[in-house]
Amino acid sequence: MTKAPARSPSTLVLLLAGTILLLTGAIGGWMFESRRMAQAVRTTLLENPEILPEAMEKLRERETGKQVDALADKLTTPFPGAVLGNPQGKVTLVEFTDFACTYCRASVAEVEALIAANPDLRVVVREMPILSPQSAEAARMGLAAAEQGKYAAFHKAMFAAGRPDARTIAAAAQAAGLDMERARKAIANPAIDAELAANLDHARQLGFDGTPSWVIGDKAFSGAVGRDILQKAIAEARES
């Protein structure tokens, strides 16, 4: 076997020094390029400040999309019976709502129109009572109505009755034809309070701090965004 000739110490020192110089030059070049790129980005933002909100919105959408994916099954699996539209629909719209919310009340007609226009639409309603103790009581009665298969009737009657209080909740329950003894037993079930707590936790993870809020496909929306935006999202979810 042929051996490579041995190098002298001076040769090794020169090689080491050369390697260090090359590395130093490369690092220096990288730092210079990084500073140049950072300056270019800064200049672009200063000259076009309107792109920063757009970029932040894109980042928010991306992060929200990740959270939606992580929560997908939990979001689209309703509390038993708390569904509007087609319970077997292949497109699912999730609505976070509060019976004391004026904008939620205004959205009732929008959701009804979406259901009428989309026979394959399933609307999973997640009660999110954050505005008053009375809205929490209305939410519990709504879930008790779901247990009796009368959620849609109570949902509509409760929003039509006005802000939740003992009188309007009782009136909505009567209009929906609830068995009140059965409803009171359902409300005493810890599963209802667990559902409300879970909905608040889901909303927190999605960055929702108010109602109505919506999830469809990988998109999330806050506020009374209107029928057109939701219809577009429904169409995109159907195609995906």
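These exercises look at salt bridges in a predicted model.

**Exercise 1.** Which residue forms a salt bridge with E195, and is E195 buried or exposed?

*Solution.* 
- Start with the partner. E195 pairs with R126, and their closest N and O atoms are 3.0 Å apart.
- Apply the cut-off. A salt bridge needs a Lys or Arg side-chain nitrogen within 4 Å of an Asp or Glu carboxyl oxygen.
- E195 sits in helix α8 (residues 190-206), while R126 sits in strand β3 (residues 121-127). The pair links distant parts of the chain, 69 residues apart.
- Check the surroundings. Both E195 and R126 are buried.

**Exercise 2.** Which parts does the salt bridge between E147 and R182 tie together?

*Solution.* 
- Take the distance. The closest N and O atoms of E147 and R182 are 3.0 Å apart.
- Find the elements. E147 belongs to helix α4 (residues 133-147) and R182 to helix α7 (residues 180-187), so the bridge ties together parts 35 residues apart in sequence.
- Classify each residue. E147 has 39% relative accessibility, so it is partly exposed. R182 has a relative accessible area of 39%, so R182 is partly exposed.

**Exercise 3.** Why are K185 and E181 separated by about one helical turn?

*Solution.* 
- Identify the pair. K185 forms a salt bridge with E181, with closest N and O atoms 3.9 Å apart.
- Count along the helix. K185 and E181 are separated by about one helical turn because they lie 4 residues apart in helix α7.
- Classify K185. Its relative accessible area is 59%, so K185 is exposed.

**Exercise 4.** How many salt bridges are there by this rule?

*Solution.* 
- The count is 10 salt bridges.
- Look for shared partners. Such salt bridges join E137, R140 and D193 into one network.

Notes: Residues are numbered from 1 along each chain as its sequence is written. This is a predicted model: local features need pLDDT of at least 70, side-chain atom pairs count only at pLDDT 80 or more; totals for chains, interfaces and linings use all residues. Side-chain values use heavy atoms; hydrogens and water are left out. Helices (H or I, at least four residues) and strands (E, at least two) are DSSP runs, numbered from the N terminus. Buried means under 20% relative accessible area, exposed over 50%, partly exposed in between (1.4 Å probe, protein chains only).
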